[in-house]
Each structure stands twice: as structure tokens, then as C-alpha cells.
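I opened the model to take notes on its fold and its surface. My entries follow in the order I looked things up.

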Amino acid sequence: MKPVRGLHPKGGNMRKDSMTGYVLFFVSLLALIYTGERLWEDYIIKVQLSSTDPSIRHQAKDTVSLDETLRLIDCKEQQRKLVDAELELAAAKRQGYKPINCTSVNGHRKIVVGIFTNFGGQSRRTSSRKNWLPSGSALKELENDKGIIIRYVIGRSSNRGDMLDRQIDQESKETNDFLILEDHVESDDDVTQKTRLFFSKAVHIWDADFYVKMDDNIGLNLDMVASMLSKHHDKPRVYVGCMKAGVVVFDPNAQWYEPDWWKFGEQKSEYHRHAAGQVYVLSRSLALHISINSAHLKDYKNEDVAVGAWMLGLDTEHVDDRSLCCGYNSGIFLTQSYFINADAHTCEDFSLITMHL
């Protein structure tokens, strides 16, 4: 009788032993790789810490301590925050924010006055320099002795480099009292953007307590203004001006038409309280707020309304100073209009403002 074919008992045991050996070898290999990676990570951490703190090189340790590991984790977290900040800055630049290099700061100042002018304002500028605005060495003394900076604020021509730009460049070279907004096209229809750019640039150029925006058809009693603002020096967020409201103009054919009138309510609604645009003051923290959030601030057609809206969301102290009020002689409330008429105008108090047309 032929024997039945089958596995030999010993042969089966040998195959099982061989399979077990392969499994153990594979597990041992994985353990070796894992251990090697951990040792390599410890070595890298040690090298990085040694590069940041040379004293670690002299410590007689074979492993990285818990404190050292936590320090490295903290460094990596700070690096992550830095990357996030860079990404946010890149996103802000895409939305229009342009950081300004602080290259012109020469010590702390008290007040920065920006006089908004245009290409047709040369005669007003000349008259101002003769009547109330210092020029030449007197302007420099005002800056150094009293800490008051005064600059005419203007943008560039839509045809950059044309005769209008060259005239301003020549006048600026002669008087040294201009702040030229290179990124702004000068236009009476875009004063809001000009205002935003002025505060953004001025707060980076000059470290001052207060920033004044004014029109070029009035003059200021600088000593009285400085005295008035000294009373608000201890207030972190102060907004000073001739506060008013006024009816929102919804008629597109009217002079002061507000395209976003519907956001203020129904027709014949009133604006929020804000300073008349002829002259008003912001403390440094408020000017910084405009600079930092420039790309996200809502523009309104009327510049004074826009600035007032930017102040609403902040813990701002509104100071209604009637000595900063001027307007039409209408026989009623003098501040219902802040633009000056050459033939009919009055000022409630000439101690701070003088008419200059």
C-alpha cells in the first residue's frame, strides 16, 4: 500500500518558525526606525537650541530637557504667528493698504495741521503766508520751539507730471510747506480719500498729540488752538470740532447728495453727529485707527460725514467747540453749512478762526 501524501510534521513546524521570524524581524525593524527618528529629532532640537542659546552647548546632557523642548515649541508658535501676520499684511496690501516708512520723524510734536488745498488755491496760499501762516525760518522756529507742524496737503494731477504738478513742485521747493500725497489724484469729488490718506501719512511722519484738518480759506490763531487742545491732552481718544448733524440729502441733483442716503434711514433722516469739515482735530490714537484700518473704512461722499462715521465705532469723546464754528449768515444756526461764501459769512468766535478768502 502506498503512503498517503501530506505535510511532514517537522516540515510544517519549520515553516511556522520561519514565518514567526519574519514577523519579529519586521517589528524589530520598525522599532529601530522609530527609535532612530526620535533620536534624530532630539539631535535637531539640540542643534536648534544651541544656535539660539550658546550656553546649551556646554551643558553635559545627552537628552533635551522639558524646558528646552517647551522653549522650542514657543519659538515655533511665534514663527507661526509671524507667518500669519505676513499673510494678513499681504491681504491688506491687495485691498489697497500701503504701509508708509517712518523716515521723517524728528522727535515728538504737539500739533500737526494739514491745510487742504488744490491746484487753484495759489492765491489763497499766498495770502495765508502773508497774514497768519509763518514761512521760511519762522515756520522752522514754529516747529522747533512750539512743536507745531503746518503743511498744505495736495495730491497729484490726473495727468501726472504736467504743468499743474510742476507748479506745485516749484512752489513746494520755494516754501517747504507742502505734504504731497503721491498716491492721490487731486479732485474735489474725492476729498474723503484725501482725508484718509492725510491722516494715514501724517501719523507715520510726525509723532504728535493732535492732528488738525482744515480748509485753505480760513486762518487759525495758532496760540489759541494750542491752548485749547492742551485741555484735552489727557484724553486718549478725542474728536474736537464744530459738531453738527443736518438732513441727509437724497436728491441726486442736489449739491451735497449722499449716494448712501438710505443707510441713514428714511428720507429726511439726519446724519450722525460729526464735526464740520472746515476744521476739526483728532488725537493721535484716532489718527492711528484711520491709518491701520484704512483699507476697511467706509467712504461717504461727504468727507466730514465719513470721518464722523469712522469715530462712531470707537470709544471716542466728541468735543463740540463752538469757537471752531463758521458758516453762512442765514439768520439761523450758523453751522448749518460749513463752506464759506465770500460775500456773506460770519464766525461765532474769531478767537480761533479768521476768515481768509
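**Entry 1: overall.** I count a residue as buried when its relative accessible area is under 20%, and as exposed when that area is over 50%. The model I am reading is predicted. Of the 357 residues in the protein, 39% are buried. I looked up the secondary structure next and found nine helices and eleven strands. The protein exposes about 21,100 Å². Carbon and sulfur atoms supply 54% of that area. I also checked how far along the chain the contacts reach. Among contacts with a separation of 6 or more, 71% join residues 24 or more positions apart.

**Entry 2: the sheet.** I traced an open sheet of seven strands. Its order is β3-β2-β1-β4-β7-β6-β8, and the pairing is mixed. Which strands stand at the edges? They are β3 (178-185) and β8 (317-320). Each has a single partner strand, so one side of each lacks a neighbour in the sheet. From one strand to the next, the twist averages 25°.

**Entry 3: around β2.** I followed β2 through its pairings. Strand β1 (residues 108-116) pairs with β2 (residues 148-156) in the parallel sense, over six bridges. I noted two bridge partners here. Arginine 156 stands opposite valine 185 in β3. Is β2 covered or open to the outside? I found it mostly covered, with nine of its nine residues buried.

Entry 4: Helix α3 (residues 122-131) touches β2 and β3. Its direction makes about 170° with that of β2. Helix α9 (residues 303-312) touches β4 (207-215), β6 (238-244), β7 (274-283) and β8. The direction of α9 makes about 35° with that of β7.

Entry 5: I found serine 172 in helix α5 (residues 163-175). Its relative accessible area is 17%, so I put it down as buried. What does serine 172 contact, leaving aside neighbours within four places in sequence? I listed Asp177, Phe178 and Ile180. I also checked serine 172 against tyrosine 152, 20 residues apart along the chain. Their C-alpha atoms are separated by 9.2 Å. Asparagine 176 lies in the loop between α5 and β3. It has a positive phi of about 55° although it is not a glycine. At 54% relative accessibility, asparagine 176 counts as exposed.

**Entry 6: a surface patch.** I moved on to the surface. I found a nonpolar patch made of Met19, Tyr22, Val23, Phe25, Phe26, Val27, Leu29, Leu30, Leu32 and Ile33. Together these residues have about 1,100 Å² of accessible area. I picked out phenylalanine 25, which sits in helix α1 (residues 9-52). Why do I call phenylalanine 25 exposed? Its relative accessibility is 57%, and the exposed class begins over 50%.

Conventions. Residues are numbered from 1 along each chain as its sequence is written. This is a predicted model: local features need pLDDT of at least 70, side-chain atom pairs count only at pLDDT 80 or more; totals for chains, interfaces and linings use all residues. Side-chain values use heavy atoms; hydrogens and water are left out. Two strands pair if DSSP finds at least two bridges between them. Helices (H or I, at least four residues) and strands (E, at least two) are DSSP runs, numbered from the N terminus. Axes are lines fitted to C-alpha atoms, for helices over the stretch in contact, and angles run from 0 to 180 degrees between N-to-C directions. Contact means heavy atoms within 4.5 Å. Patches are made of residues with over 30% relative accessible area and no salt bridge: like charges are joined within 9 Å, nonpolar side chains (Val, Leu, Ile, Met, Phe, Trp, Tyr) within 5 Å. Accessible areas come from the Shrake-Rupley method with a 1.4 Å probe; for residues, only the protein chains shown count as cover. A salt bridge is a side-chain nitrogen of Lys or Arg within 4 Å of a carboxyl oxygen of Asp or Glu. Buried means under 20% relative accessible area, exposed over 50%, partly exposed in between (1.4 Å probe, protein chains only).
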